[in-house]
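I opened the model to look up its metal sites and its aromatic pairs. My entries follow in the order in which I made them.

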Amino acid sequence: GRWNHTEGPTSLLLHVLPVRPAGTADNIFLEVPPGEVASYAFRIPEHHPAGLFWLHPHLHGSVARQVSLGLAAPLVIRGALDAVPDVAAAREHVLRLQDFALDRSGRPIDPGMGALMGGREGTLVTVSGQTQPRYAIEQDGLLRLRLLNASASRFYRLSLEGHAMHIIATDGGSLATPQQVDELLLAPGERRDVLILGSRAGGVYRLMNLPYNRGSAGMMGGPLGTRTAFEIASVGYEGRAASPRQVPQALGEVERLPAARARRAFVLSETMGMVPGRGMGIRFLINGHEFDHARIDDRVRLGDIEEWEYINNTDMDHPMHVHTNAFQRVGADGQAEPAWLDGIVVPARRRERIRIRFTDFVGATVQHCHILDHEDLGMMSTMQVEG
Ligand code: CU
Ligand code: CU
Ligand code: CU
């Protein structure tokens, strides 16, 4: 890939492809000056899982701005999941969810201080560049919607009228069996792959974005997130499947990461500080530090499994995202859930635990909040994977 005709420098991130985080591959430390062209080259490993991945700019300080203006591209990797017969037979669409804050003449609105603190959201929501697109579904057929939240800060709580959604894959690949849900929460950066069964006789059904309160930036404003439900797309019946389809029972093997001896905690907090060009505002910290690319915050060992606890000491949700290696959430029973993630919402004033295994690559990588204004305002840390 190559880009840079933005007005400032940028850098490219392959949103957590497990590829080598160095050189001209997934290297957030590489900077591309304005007007210049950079070519990125990377190898997809043989054992790379099938799934929906994506890429977006990642230059610290400008990430929220560049992504909120639309720089984001899905990247589909094919593999075993795509060969499951009822998955292969489904009609497939990638839904890239983006929101834009525009004035009446269509120019981007510069976010105010409050919008930066909470994370900027726009009122124009697009799905793969369209407003309220309609996707055709066949009666007794299957529709595969591959959902990507490519918005800078907006959370989507999605529900399809009259239909269950069957999740077949999360950020990092396939589930073992489909998980039936009536709604799902998709935080910035996250992906979910869902099957919809055409179980109705006909009609048009709205894919709704439901209200979700993602906390508040304290004195900087009221509740954040979607307050009233609205339609973002719809599904309309057209025709009938040549042969009736069913949601598959089995999708493939997914291991559960075993208990880990190595433990680490990450405390998410806030402090007051200078926001460039805007004066005093909230800065966001991990373990008491703002991001510094020259400092190594954590050293981990290749091949190790670790258990991490995120402790959110703020009044806002933080969707934490780890580069390079996928992880599993640890449930209330202390077991890892068999679903590969690269993002996890740590709700305001709550904790979450994950298990993560460092495979294949040594070198420097990062984790950060995927509310991209928070990342720009400091909520990112470095990690060195040592061989
Ligand atoms: Cu990302
Ligand atoms: Cu955050
Ligand atoms: Cu990132």
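What distance separates the copper ion (ligand 3) from the copper ion (ligand 1)? I read 4.1 Å between the two.

Conventions first. I am working on a predicted model, in which local features need pLDDT of at least 70, side-chain atom pairs count only at pLDDT 80 or more, and totals for chains, interfaces and linings use all residues. Residues are numbered from 1 along each chain as its sequence is written, chains are lettered from A and ligands numbered from 1 in the order in which they are written, and side-chain values use heavy atoms, with hydrogens and water left out.

**Copper ion (ligand 3)**

I looked up the protein donors and found His-58 (NE2), His-323 (NE2) and His-368 (NE2), at 1.9 to 2.0 Å from the copper ion (ligand 3). A donor here is an N, O or S atom within 2.8 Å of the metal (3.2 Å for Na, K and Ca); water is not among the atoms, so sites may look incomplete. I noted the sequence spacing of these donor residues as H-x264-H-x44-H. His-58 sits in the loop between strand S2 (51-57) and helix H1 (63-68), and His-323, 265 residues apart from it, in the loop between strand S21 (318-322) and strand S22 (327-329). Helices (H or I, at least four residues) and strands (E, at least two) are DSSP runs, numbered from the N terminus.

Are His-58 and His-323 buried or exposed? I find His-58 buried at a relative accessible area of 1% and His-323 buried at 2%. The cut-offs are under 20% relative accessible area for buried and over 50% for exposed, with partly exposed in between (1.4 Å probe, protein chains only).

**Copper ion (ligand 2)**

For this ion I list His-318 (ND1), Cys-369 (SG) and His-374 (ND1) as protein donors, 2.0 to 2.1 Å away. Their spacing along the chain is H-x50-C-x4-H. His-318 belongs to strand S21 and His-374 to helix H5 (residues 372-376), so the pair ties together parts 56 residues apart in sequence. I find His-318 buried, with a relative accessible area of 0%, and His-374 also counts as buried, at 0%.

**Aromatic pairs**

My search of the whole structure returned 6 aromatic pairs. Rings of Phe, Tyr and Trp (its six-membered ring) pair if their centres lie within 6.5 Å; planes under 30 degrees apart are stacked, over 60 edge-to-face, and the rest tilted. Tyr-205 and Tyr-237 are one edge-to-face pair, at 6.0 Å centre to centre and 75 degrees between the planes. I place Tyr-205 in strand S13 (residues 204-209) and Tyr-237 in strand S16 (residues 230-240).
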